[in-house]
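Please examine the sequence and the three-dimensional model shown below. The explanation after them is meant to be read with both in view.

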Amino acid sequence: MTTMTQTRPNPMRWWDYLTLNAYWFAISFMWNSMAPLLLPTLVQNLVPESQKGGALGMLSAIGLIIATIVQPIAGAWSDTRTTPLGKRRPYIIGGTLFDVVFLVLMVFSGNYVLLVLAYALLQVTSNIAHGPYQAYIPELVPEAKRGMVTGVKQFLEILGIIVTSLVVGKLIDQEQIVLAFALIVFFLLFTMAITALFVKEKPFDGATPARQIVAPKTSLWQTLFHSRDFFLWLVSRLAILVGINLVRNYILYFLRDVLRLPNAATEAGNLLAILGVAVALVVLPAGALSDRFGRKTLIVISGILGIAGALLMMTASTLSAVFVAGTLVGVGIGIFLTVNWAWGADLIPGDASGRFLGISNIATAGAGVIAGIGGNLIDNPSLGYNALYLSAAICYAVGTLIVLAVKDMKR
């Protein structure tokens, strides 16, 4: 069975860069609202103060374990089946519509158990859409343009962070949390419609023709060890994303507990906006530079910036110092997410991109699960935020060292 009908490739136009990536904006807006802002607020309203860190960590871990399982299954399933609506489109539409249902359940949950249930179901449906959607770039885009297209993808994701940061934090401080969830629903439905209407599921001119798919019976173990380089890329991605999550996910509690800011949610939003601007400035040049000069050097630079930012957070006692650390981390995140994702697309079979990029979510979601230990660190008076940020720096360092052993196919 081939993955798609052999049709004449279509030229890639400027608006294709946007329509291919529009849904990434909504995904970014939703999850960057959830992890650092909405989930901490919902949890703090539903559990005792002394348990908030552990409760947030457990909630995040449960959701991300589900994401780790669902996303590769959904991606692999869409690799092997074509419907009248296409290979990927039905999952994007259906998953998004159910996202709306569970977002409504979350905001009106009223107790911690119902919040966990609604959040878990949101992870299921969101990843049913996410797994097939992320296959579009490696499946449709020529390798020579992949870094630039990925740069646009990352730019829209960062734009999601910036909009989140400027809007959601202020809404939380104004106790307008329902409106924050309404914005998530709007962006999901709007960008889903763009994707469903304007993305044509056939390769652009210059893309590698579809070949035989990886057999459905291929096991998780075989996919993980598809190649030495893919496995090491996955492990390095896991370690660096753990570092990113440890720095980012607990910033609202840091501003409240350490700096004791009365408007912590607004300042957390401002910090995330600065981080987002820093990322936005580097994603497009990073993608283009990696197409020309290779991926590895840029990833190493991003790791060094992440280590510096995490260590600076250990000594930060003013909001200005936190902003400086956030800028370093933000630039590192922008380089890493753009170049690392393009690198992963280089290392996988283009005709099984749904399966392999779904498996890559073991690193993406798994990092969120592991970063849940940060909640226990900050709840422990003898460890606290210094242990949190030292752990982040170590994770950055480990991931950067591992990436040195991965073959750079663009060099």
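The paragraphs below proceed from the overall fold to the core, the charged pairs, the aromatic rings and the surface.

This is a predicted model, in which local features need pLDDT of at least 70 and side-chain atom pairs count only at pLDDT 80 or more, while totals for chains, interfaces and linings use all residues. Residues are numbered from 1 along each chain as its sequence is written, and side-chain values use heavy atoms, with hydrogens and water left out.

The protein chain contains 18 helices and zero strands; helices (H or I, at least four residues) and strands (E, at least two) are DSSP runs, numbered from the N terminus. Of its 411 residues, 61% are buried. Buried denotes under 20% relative accessible area, exposed over 50%, and partly exposed in between (1.4 Å probe, protein chains only). The accessible surface of the protein chain is about 15,900 Å², and carbon and sulfur atoms account for 70% of this area. Such areas come from the Shrake-Rupley method with a 1.4 Å probe, and for residues only the protein chains shown count as cover. Among contacts between residues at least 6 apart in sequence, 86% join residues at least 24 apart, where contact means heavy atoms within 4.5 Å.

The largest nonpolar core has 116 residues, of which Met-34 and Met-106 touch the most other members. Helix H2 (residues 22-46) supplies the largest share of this core, 14 residues. A nonpolar core is a set of buried Ala, Val, Leu, Ile, Met, Phe, Trp, Tyr and Cys residues joined through side-chain atoms within 4.5 Å. Apart from neighbours within four places in sequence, Met-34 is in contact with Leu-39, Pro-40, Leu-103, Met-106, Leu-122, Phe-181 and Ile-184.

Two further residues illustrate buried positions. Thr-164 belongs to helix H7 and counts as buried because its relative accessibility is 0%. When residues up to four places away in sequence are not counted, Thr-164 touches Ser-28, Phe-29, Asn-32, Ser-33, Leu-37 and Gly-169. Ala-325, in helix H14 (residues 319-347), is likewise buried, with 1% relative accessibility. Beyond its neighbours within four places in sequence, Ala-325 is in contact with Gly-309, Leu-312 and Met-313. The C-alpha atoms of Ala-325 and Met-313 are 6.2 Å apart, although the two residues are 12 apart in sequence.

How many salt bridges does a search of the whole structure find? The search finds four, a salt bridge being a side-chain nitrogen of Lys or Arg within 4 Å of a carboxyl oxygen of Asp or Glu. One of them joins the side chains of Lys-87 and Glu-139 at 2.9 Å, N to O. This pair links distant parts of the chain, 52 residues apart: Lys-87 is in the loop between helix H3 (52-79) and helix H4 (89-107), and Glu-139 is in helix H6 (residues 136-140). Lys-87 and Glu-139 are both buried. Lys-153 and Glu-157 form another salt bridge, with their closest N and O atoms 2.8 Å apart. Both lie in helix H7 (residues 143-173), four residues apart, about one turn of the helix, and both are buried. The side chains of Asp-229 and Arg-228 also meet in a salt bridge, at 3.4 Å, N to O. Here Asp-229 is buried, with a relative accessible area of 15%, whereas Arg-228 counts as exposed at 55%. Salt bridges with shared partners join Lys-87, Arg-88 and Glu-139 into one network.

The structure holds 12 aromatic pairs. Rings of Phe, Tyr and Trp (its six-membered ring) pair if their centres lie within 6.5 Å; planes under 30 degrees apart count as stacked, over 60 as edge-to-face and the rest as tilted. Tyr-133 and Tyr-136 form an edge-to-face pair, 5.8 Å centre to centre with 85 degrees between the planes, and both residues are buried. The pair of Phe-186 and Phe-190 is stacked, because the ring centres are 5.9 Å apart and the planes are at 5 degrees. Phe-186 and Phe-190 are four residues apart in helix H8 (residues 177-198), about one helical turn. Phe-186 is partly exposed at 47% relative accessibility, and Phe-190 is partly exposed with a relative accessible area of 47%. One aromatic cluster is formed by Phe-25, Phe-29, Phe-186, Phe-187 and Phe-190.

Helix H18 (residues 384-403) contributes the largest share of the nonpolar patch, three residues. Val-398 is located in helix H18 and counts as partly exposed at 40% relative accessibility.
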